[in-house]
Amino acid sequence: MTHKKVILAIYAHPDDAEFLAGGTLAKWAEEGHQIFAICATNGNLGAKITDITPEELAKTRKVELTNAMKTLGGEKAIFLDFPDGFLRDHIDQLKERLIYWVRKLKPDRVITFDPWKKYQVHPDHIEVGRMASEAVTFSCFPMMYPEHLKEGLGPHQPEELWYMIPIEHKPNRLVDITHTMDKKMKAIFCHQSQVEMMADLFVEGADPTNLTEEQKTQLQDGAGTMLRMVSQALANLSNGDIELAEVFYAIKLGPGMFDNYQEMIQEMIGIEQDSLEIF
Ligand SMILES: [Zn+2]
């Protein structure tokens, strides 16, 4: 095996990365890399029902992510416990916490949301992507949050930031998840509270708050088929070599900046971008 990497996925809500990067995280865990997940909010508003309190929901969702990380082969999830839906009101604290954890975990590669993606309406996805981007570019400056130094945490510079669901750019990273698709699906179904909310999309006439066992099976089959189709479509970018894939747009990092000037200039003057790297 090549150099063992530390990989950090930064989520807004407990189920975010499983849908978009679960196969990738499982694959890297199988290859011996160390996988961490930081979840910025406790997800305590993620329900359409009112017979559960936000506190109960937060508890449930923490267990769901803990189980999902076990399934993917990752480390115990880290929760920052900012309020669901209102990350925008806490961006300074979020930035400090993310820089703290980047310095502590020393990731080589970080995965998060693209905060500049078109039609991204969820404010938590925007803010977590924005502050994660700032954290990975500024965590190398020791005079920023010098109190971390007193705790023994030195500056750190991750190598690359990978954005999930790259819509603004042609993906430049494709991960073959053919052999980890089953783990991805298992991890997604650890998030029962969230998956069941989507039941009426897959099971005609289903009441998401009151599903029968048969409807739960139909939901699993329907969601599984849809996610497989998406992964197959993305795998087409590999010219048919790969059956199922997840894709990303990765940017190399420099101190206080994205190290992508060459690529941006190429894009500006219409030169074909660098080719797809396959993992
Ligand atoms: Zn989310």
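Start at helix α10: select residues 261–268 in this predicted model. How many of its 8 residues are buried? The number is 0, so α10 lies largely in the open. Now step just past the end of α10 and pick Gly-270. Its phi is positive, at about 80°.

Next, the strands. Select β6, residues 173–176, together with β7, residues 245–254. The two pair in the antiparallel sense, over 4 bridges. To see one of these pairings, click Asp-176: its bridge partner in β7 is Ala-245.

Zoom in on Leu-174, whose bridge partner in β9 is Ile-278.

Last stop: two helices. Select α2, residues 54–72, and α6, residues 181–188. Their axes come within 8 Å. The crossing angle is roughly 170°, which makes α2 roughly antiparallel to α6, since angles over 145 degrees count as such.

Now show the side chains where these helices meet. On the α2 side, pick Ala-68, Thr-71 and Leu-72. On the α6 side, pick Lys-183, Lys-186 and Ala-187. What is the make-up of this contact between α2 and α6? Colour by residue class: 3 of its residues are nonpolar, 1 is polar and 2 are charged.

How values were computed
Residues numbered from 1 in each chain as written. Predicted model: local features only at pLDDT ≥ 70, side-chain atom pairs only at ≥ 80, totals over all residues. Axes fitted to C-alpha atoms, helices over the stretch in contact; angles between N-to-C directions. Parallel < 35°, antiparallel > 145°, perpendicular 65-115°, else oblique. Contact = placed C-beta atoms within 7 Å. Nonpolar A, V, L, I, M, F, W, Y, C, P; charged D, E, K, R; others polar. Buried ≥ 20, exposed ≤ 12 C-beta atoms within 10 Å, placed from the backbone. Pairing = 2+ DSSP bridges.
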